[in-house]
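Let's walk through this one together, with the coordinates open beside the text. Keep your viewer handy and follow along chain by chain.

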Amino acid sequence: MNRSLRPLAATAAIFVLAYLAAVAVYPGMFSTRVLGNFLTDNAFLGIAAVGMTFVILSGGIDLSVGAVIGFTTVLIAVLIMWVGLHPLAAFAVALAVAAAFGAAMGAAIHYLKVPSFIVTLAGMFLARGGASVLSPDSIGIKHEFYTAVSKSYLLLPGGGRLTVVGGIMLAVFLVGMLLAHRTRFGSYVYAIGGSETSAALMGVPMARTTIQIYMLSSTLAGLAGIVFSLYTSAGYSLSALGVELDAIAAVVIGGTLLTGGYGFVAGTFIGVMLQGLVQTYIVFDGTLSSWWTKIVIGALLFMFIVLQRLIFTASAPRRKVLWKT
Amino acid sequence: MRRVSLAGLARPQFAALVAVLLINWMLFPGFFDISWQDGRFFGSLIDVLNRGAPVAILAIGMTMVIATKGVDLSVGAVMAIAGAVAAVMVVGGWPAWLAVVAALAVGLLCGLWNGALVTLLDMQPIVATLVLMVAGRGLAQLITEGFIVTFTDPVLIFIGTGSFLGFPMPVVIAFALMVLTTLAVRRTALGLLIEAVGVNRSAARFAGISSRLLLIMVYAFAGFCAAISGLIVTGDIRGADANNAGLWLELDAILAVVIGGTSLLGGRFSIPMSVVGALIIQAMNTGILISGFSPEFNLVVKSGVIILILVLQSPMAAGLFRRRSAAKPAQGKTAP
């Protein structure tokens with residue numbers, strides 16, 4: 001097997017084992033209904049995690065994802081309920097705002113030469129604060145479009161339902177995979193993550209690519225916000241609190257190296273599903289409290305990071321420098 | 001080695017603090033009034049110091065971590081764990097001093113864990129501390145079994161709300177910690193070694209510095225500071241709230257350190273300036289509250305401040321300054 005696919009295979013194997021173990025305890029978990037709910041419940045996280053994958057592949061990090069989701073839900077709610085726009089028009093506005101926001105962050109990272117971590121931290125404050133300035137209270141969305149969307153789904157064999165939001169997530173993952181492995185932009189992202197200096201020397205347009213990466217991440221966070229708003233039919237400035245951490249965890253569990261340059265969008269999908277599995281198992285169990293989710297996800301995160309280290313030290317004869325400057 | 005001198009008072013951070021305080025005074029004329037009541041000082045200024053103390057303490061630990069080119073995202077979660085340990089122990093009938101020692105020890109352990117991940121497993125600091133940030137709140141809830149554990153223990157409450165020589169206890173603790181830490185890093189070679197590791201870890205190792213031990217110590221110290229902060233917050237509300245204790249404070253602490261002029265790229269740090277940074281943040285918070293804006297407005301202002309600092313610190317701005325004052329040598333303000 002291709003050496004570079006090993007972490008991905010390890011993640012997939014662990015997911016299958018964990019799923020089988022869960023099914024052994026609760027046979028009811030082996031159904032398309034549960035799988036359909038997996039997709040629906042984690043749709044916003046999955047979409048945001050695709051954007052995060054690109055950012056992390058380029059060696060950066062985006063802490064503003066959750067805040068952008070929260071901001072988008074509020075903006076959509078305000079546009080639909082107060083301004084009276086059609087939801088589709090509101091979605092377009094929200095995506096445009098999110099894209100502009102991401103582009104501004106990317107530009108700041110490139111031109112001001114500051115770590116992405118601190119710029120997106122400022123972005124996080126700005127988006128959360130902006131959302132609460134728009135409306136500190138939760139706004140319910142009532143519109144026939146929302147009811148129509150939440151009622152439509154694709155019936156899977158076995159009674160499972162592939163909802164619209166679940167479908168959007170799958171589509172985003174497919175597009176993300178194509179973008180990462182089949183386009184010039186994807187190669188640029190991997191090149192920058194491998195080494196910024198050599199990427200620049202090879203002629204990668206650094207400014208444009210950096211801006212595009214963060215634009216992509218914020219736009220997908222905006223899309224995740226749309227999905228979240230469809231999922232909850234409300235806009236609230238504090239919604240999706242801490243989703244950036246879940247997204248980062250999904251990306252890392254999916255086998256992407258946080259130092260950049262190595263990883264797969266498909267791995268992130270498994271990472272999201274694994275988190276969904278942990279949550280569903282805890283719901284099925286009923287006696288475990290919800291805080292176990294955090295502990296288990298933390299433990300998984302730790303396990304996968306150690307696993308990656310072991311695989312890389314075993315497979316690479318030369319020492320990979322993990323201390324990025 | 002830098003010494004505190006009169007010239008040091010002309011730093012932009014002090015100007016910023018004075019400006020924020022003056023704005024507060026204009027919004028609220030009684031802002032500088034301080035009264036003596038029941039054996040302690042009262043007033044808005046004292047309140048700024050008191051409310052700013054937990055972040056200031058976190059910032060002291062965070063400064064050391066950031067000086068080694070790392071970052072500790074887990075301090076907020078460690079605060080929650082330490083608070084939970086202390087509260088559960090006093091409720092369980094243990095003596096208060098033991099609960100305090102145990103909470104500090106747990107904080108130290110959390111820091112050691114982070115340090116071990118960073119050095120022994122060679123993880124990036126963001127990732128290594130992310131593990132505890134995600135799992136830590138869960139652990140704290142595990143300790144409190146999901147409840148907000150309230151207590152009436154006088155010692156713990158004294159740590160959060162008591163006073164010493166007229167000043168609130170958190171302020172006294174923060175000040176003492178700042179002085180002790182500053183002396184430890186500036187009167188010994190420790191500060192120099194930390195800066196050496198921050199500038200170039202391998203070079204420092206080749207120069208004979210045991211960078212692993214130093215890094216572990218620095219993360220352990222950050223965990224220790226977080227535990228102190230957690231004790232203060234827990235004593236202040238007389239209860240351990242695993243969900244909300246120290247929530248987002250790691251970001252405030254990082255912001256305080258950055259405002260204080262410590263380079264995020266390692267190698268240059270100042271503990272007193274980080275404390276000033278924490279006070280600037282708190283003065284802004286207080287100002288927004290007394291001016292009647294909603295507290296959420298805070299976040300927008302904070303992000304504005306970060307952007308301003310980033311622009312000022314950026315190489316582009318440094319280039320502009322250099323062109324303006326070509327005669328002067330470049331100041332050490334550029335982020336490398």
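Predicted model: local features only at pLDDT ≥ 70, side-chain atom pairs only at ≥ 80, totals over all residues.

For chain B, the mean pLDDT is 82, with 90% of the residues at 70 or more. Two stretches of that chain fall below 50. One is residues 1–7, which has one contact in the model beyond near neighbours in sequence. The other is residues 327–336, where the pLDDT is also below 50 and the corresponding number of contacts is 14.

Now turn to chain A, whose secondary structure consists of 14 helices and four strands. How compact is chain A for its 325 residues? Its radius of gyration is 20 Å, close to the 20 Å from the globule rule, so chain A is as compact as a globular protein of that length. The C-alpha trace spans about 60 × 50 × 35 Å along the principal axes of the chain. Of the 325 residues in chain A, 51% are buried. If you take the contacts in chain A with a separation of 6 or more, 79% of them are between residues 24 or more positions apart.

Is α11(A) mostly covered or mostly open? It is mostly covered, with 22 of its 27 residues buried. Just after this helix, A:Ser233 adopts a positive phi of about 50°.

Next, look at where the two chains meet: 41 residues of chain A are in contact with 37 residues of chain B. On the chain A side, the elements that give two or more residues are α5 (87–112), α6 (116–134), α12 (243–253) and α14 (291–315). By residue type, this side of chain A divides into 31 nonpolar, six polar and four charged residues.

B:Trp36 stands opposite B:Phe41 in β2(B). The two strands form a hairpin with two residues between them, and in the turn B:Asp38 has a positive phi of about 50°.

Terms used. Residues numbered from 1 in each chain as written. Chains lettered and ligands numbered in written order. Rg over C-alpha atoms; globule rule 2.2 N^0.38 Å. Buried ≥ 20, exposed ≤ 12 C-beta atoms within 10 Å, placed from the backbone. Contact = placed C-beta atoms within 7 Å. Nonpolar A, V, L, I, M, F, W, Y, C, P; charged D, E, K, R; others polar. pLDDT = per-residue confidence, 0-100. Pairing = 2+ DSSP bridges.
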